[in-house]
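Please consult the sequence and the model while reading.

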Amino acid sequence: MTGAPPAIEAVDVSRTYQLDGVSVEALRGVSLVVQPGDYVALVGPSGSGKSTLMHLLGGLDRPTGGRLVIGGRDVNALAPPEMATLRNETIGFVFQAFHLLPRTSAVENVALPLVYRGVSARQRRERAAAMLGRVGLGHRLDHRPNQMSGGEQQRVAIARALVTEPTVLLADEPTGNLDSVTGAAVLELLEQLNAESGVALVMVTHDQEVAARAQRRITMRDGVVVADSADPRSTHDRPPSVDHGRPATLVPAPSAEPRSASGSGPGHPSGGSGGAAGATGRLPREAESNPGTKPGGTA
Amino acid sequence: MRVAEAWRVALDALRANRLRSALTMLGVIIGVASVVLLVAIGTGTKQKVEQQVEGLGSNLLLVVPGRIEVGNAPVVSPLTLKDVDAVTRVVGDPDRVAVTVASGATARAGARSDFTTVQGVLETTPTVFTRELARGRYLTRTDVDTGRRVAVLGDSVARALFPDRDPLGQQVALAGVRFRVIGVFAPLGQSLGVDRDDEVHVPVTAAQRLWGTQRVDGIAVKAPDRERIDELGEQIVAELNRRHPDTEFSAVTQQQILGVLGDILGVLTGVLAAIAGISLLVGGVGVSNIMLVSVRERTREIGLRKAVGARPRDIGVQFLLEAVLLTTIGGLTGMALGVGTALLVDALSPIPAAITWWSLALAFGVSAVVGIVFGVVPAQRAGRLDPVVALRTE
């Protein structure tokens, strides 16, 4: 894995929203590299920019500043249709709310990304059925979402995310809507798929225990990365104060060569302690759609 | 995404909301059905009128004073039987010339009476126009020459005056003067709402005496052949102009009458189709409306599809196909409904209706175009949705 090109590379990425004429800085200069096979937990309080970062990493959104390279392609140079193809080929999404199509069987839900890839109906079904088998739902092919439990639905969603054999699996609170037992099983499945297939797993979570299991842990606050266990220099206990300039200066720009070695394996042991420090912030369950929370408010 | 796949997705979406899809289609169904039905009625009427005009007899030339144009008031005729003789000389064959002097009159037989049209004619009428008798005989040369008071009744008049006995040989009082019934016409039916069997034929001489006039309203000539018909008309008009320099005369052929009637009925059909087209337009607005609702309702689905790799175009095509499917299925149903209704109307009512392939093609084409036109805006809106916003929608 070492020496392979990074799956995703973000350099000083920022994202500013215009809401009713007011500029809201959801991300204020984030730099990070996701290597193939990484297992990353993305933690931070509500409004810290986790979701915004996930959307950018997944190619659903574009940065307003900085450089974002997904699967070797610079997002800023891509037109919407090319972005769609990039998502289809490189990224798999797992959402908290599953987002399965109702009235559509499990196998057809899983096959959906292949539709947009132009795969024939027969092949789609074969590959989707095989993928459902891998997530333990080989007996549920023709069940509809409303005929399945929450855990099963999320497994279908995971199968859908992986049926295209993406390089990165982005999971936004994948266990958030599940009870702890089911959630643990889903998490195990994700970890197992990460280990088996080498797909990088980037997971947003509020759950400390879940975050603690990740190999690498990135803590966000107020639109910047305040701690990255893969990069000890970036670990800070405190968030930057309100009137700082670009917080990007706190995060070393990733120059791929020296970092790729430390990026995957060795980060894991230190991740536990470093991450715990980074996640001391309270987790007020405010709307995710309020990325403008000022640093002073949460600190 | 492949087109076949997109069709399947669109069909599934329509099936998922059966009632709504059906109600949306209803607007298109009614629009297309009314276009098909009204055009069928317009066409059927036109065909029937044309048949009737042609049924008058072939190579017919009608000579009347004044100009035959829509909107021209009828002119009091200066023609007399002497003019008829002059025309006959031009034509060269007395059997090819017919005349009429007509007026409304009350026909009475015993206690029954009927207001009808009395036509003073020559004995040549059945040969010049195509008329058949059901009973008895028609007027003879002698009847005309001597002004004999004999009458041939139209089917309606015969039924009204003699519902329960044979009219032949009976007396009929026309405007108070007694005539003897010598024949009854075979029924002709209605044309443009006019009962063509509501008339009585008497010798033109007897009619003139009845009304105290020398007048002849019009002359009809059966031309020997189609090629000479215009030339003959010109000769007749020239002769009449020589005799009556103050009056303008027209000689019109069936083709000209058909042309004028065809124009009028064509406009009528067009107006009917346009009115029906408005309802199709309203149906289209309904489709647009429902598609916008559908896009909003399925925002999350759109977001998800985009997340897994649907391009804006894929989403747009999906919704556009859905709209087109709505209107084309509605269009086909409407066509079937329109054709069925037209056939029923034609069979069960006096209104004629004829299905034409072009009205079907037009209705179907228009409904497909309506789907595209009214589906484009919702489809574009769906295609442009920001996936991040779409996925967040509850």
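## Terms and basis

A residue is called buried at under 20% relative accessible area, exposed at over 50%, and partly exposed in between (1.4 Å probe, protein chains only). This is a predicted model, in which local features need pLDDT of at least 70 and side-chain atom pairs count only at pLDDT 80 or more, while totals for chains, interfaces and linings use all residues. Residues are numbered from 1 along each chain as its sequence is written, and side-chain values use heavy atoms, with hydrogens and water left out.

Side chains of opposite charge can pair when their charged atoms come close. A salt bridge is defined here as a side-chain nitrogen of Lys or Arg within 4 Å of a carboxyl oxygen of Asp or Glu. Over all chains, the structure contains 29 salt bridges.

One of them joins A:Arg67 to A:Asp74, at 4.0 Å from N to O. A:Arg67 is partly exposed because its relative accessibility is 41%; A:Asp74, at 25%, is also partly exposed.

A:Arg134 pairs with A:Glu196, with 3.4 Å between the closest N and O atoms. This pair connects distant parts of the chain, 62 residues apart: A:Arg134 lies in helix H4 (residues 121-134) and A:Glu196 in helix H6 (residues 180-197) of chain A. Helices are DSSP runs (H or I, at least four residues) and strands likewise (E, at least two), numbered from the N terminus.

## Chain B and a network

In chain B, B:Arg131 and B:Glu199 form a salt bridge, their closest N and O atoms 2.4 Å apart. Both residues, B:Arg131 and B:Glu199, are buried.

A network of salt bridges links A:Glu108, A:Arg124, B:Glu5, B:Arg8, B:Asp12 and B:Arg15.

Technical notes:
Chains are lettered from A and ligands numbered from 1 in the order in which they are written.
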